[in-house]
Amino acid sequence: MSLLSLTCCQSIYFSTSPPQNVPAKFKNFPLFPTTSSTRAATLKFRFSPFSQRLFRNGNWVSYRNRFHAKSADSEPNANQPSTQVSQENGTVSNSSGNPSTSFLSFLCPLLKLFSGGDPSQERNYSLELATSSLSTLARLPWGSKALSDNLYSEEITTLDPPMRLQLFEFEACPFCRRVREAMTELDLSVEVYPCPKGSLRHREMVRRSGGKEQFPFLIDPNTGISLYESGDIVNYLFQQYGKGRSPSTGLLESTLFTGWMPTILRAGRGMTLWEKARQDPPPKKLELFSYENNAYARIVREALCELELAYILHNVGEGSMRTKLLLDASQSKEVPYFIDPNTGAQFGDYKKILSYLFQTYSAATV
């Protein structure tokens, strides 16, 4: 079994009416009519009058040449050949598997072998914190600081959009990590839908909405856009919510070199659904104040993923405009800080959060 479940299909969908505040490069494209099938599925966005073309790495290709392509975000599939996409004409050609997916196929069994076992059992917290801290060092400086705190603060939109972005991902995925780092830098609050291996709910939502199990997958209800591919998601986020500014230096490129380190050091935590996780979701989404590269918050996010619990992620990196909200809630700037509106529980200690999550959202407690 490979680590990341991702058969890539690079695509963007738009809503039926032209949304507001859409970047200039997404406008003025030929009409593409809607169909009843595009309105049927849960979370599925309908095509807008300007969605005939698909965006990929800064280029547009005709919708009639829609393709499904392997990328570093995808896992090998024995039933499908690997593919490459010609950006000039949108055609697809077969090729051998790429190095990233081959590496994942080799890595996954090792991670399962050295993983900590049942995540609900008593842990060696010294070891947990040591490996998470090393993971943080591996990804410095990305995912720790909000760009609103630097000299370019006037270029950054610091307020959340009217409707929260929706991110389908899983914690152990290095490409999902890339997107979460960008969201920390852009100081965005987002609804996270964890999609671990063995997912009972959220992977099916992605299949219905986008057509394939590929992660990360972003839905922006403010513009009606939904898209795969971590690099394109990051570029879109900076263009839409960073006023066109490019991602911070090295954020995209570094994933291929050090983005794997937290996955390896954490032995695949946040990768697989816990076998005793409750099947039915809680009525209200949990809330977590966090930032991507915090060693303590990482351990909590892994547990949320293994329990497949959707939550509202309040990013509070250094310089975040959301710090006051954290202070009001916890009287401290420390993260993680966890809120469960279903029970009224609130915790600021990661050990207490872990214990609470596995006790409260175990199938045995239903």
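How many helices and strands does the secondary structure of the protein chain comprise? The count is 11 helices and 13 strands. Please bear in mind throughout that this is a predicted model.

Let me begin with the chain as a whole. The protein chain has 366 residues, and 56% of them count as buried. Its accessible surface comes to about 15500 Å², with 53% of that area belonging to carbon and sulfur atoms. Turning to contacts, I consider those between residues at least 6 apart in sequence; of these, 74% join residues at least 24 apart.

Where does aspartate 118 lie? Its place is the loop that runs between helix H2, residues 99-114, and helix H3, residues 125-138. Is aspartate 118 buried, exposed or partly exposed? The relative accessibility of aspartate 118 is 25%, and the residue therefore counts as partly exposed.

What does aspartate 118 touch, once residues up to four places away in sequence are set aside? The partners are Arg269, Trp274 and Lys276.

Finally, the polar contacts of the aspartate 118 side chain. One is with the side chain of serine 120, at 2.7 Å. Another is with the side chain of tryptophan 274, at 2.9 Å.

Note on methods
Residues are numbered from 1 along each chain as its sequence is written. This is a predicted model: local features need pLDDT of at least 70, side-chain atom pairs count only at pLDDT 80 or more; totals for chains, interfaces and linings use all residues. Side-chain values use heavy atoms; hydrogens and water are left out. Helices (H or I, at least four residues) and strands (E, at least two) are DSSP runs, numbered from the N terminus. Buried means under 20% relative accessible area, exposed over 50%, partly exposed in between (1.4 Å probe, protein chains only). Contact means heavy atoms within 4.5 Å. A polar contact is a pair of N or O atoms within 3.5 Å; within protein, one must be able to donate a hydrogen and the other to accept it, and residues adjacent in sequence count only if both atoms are side-chain atoms. Accessible areas come from the Shrake-Rupley method with a 1.4 Å probe; for residues, only the protein chains shown count as cover.
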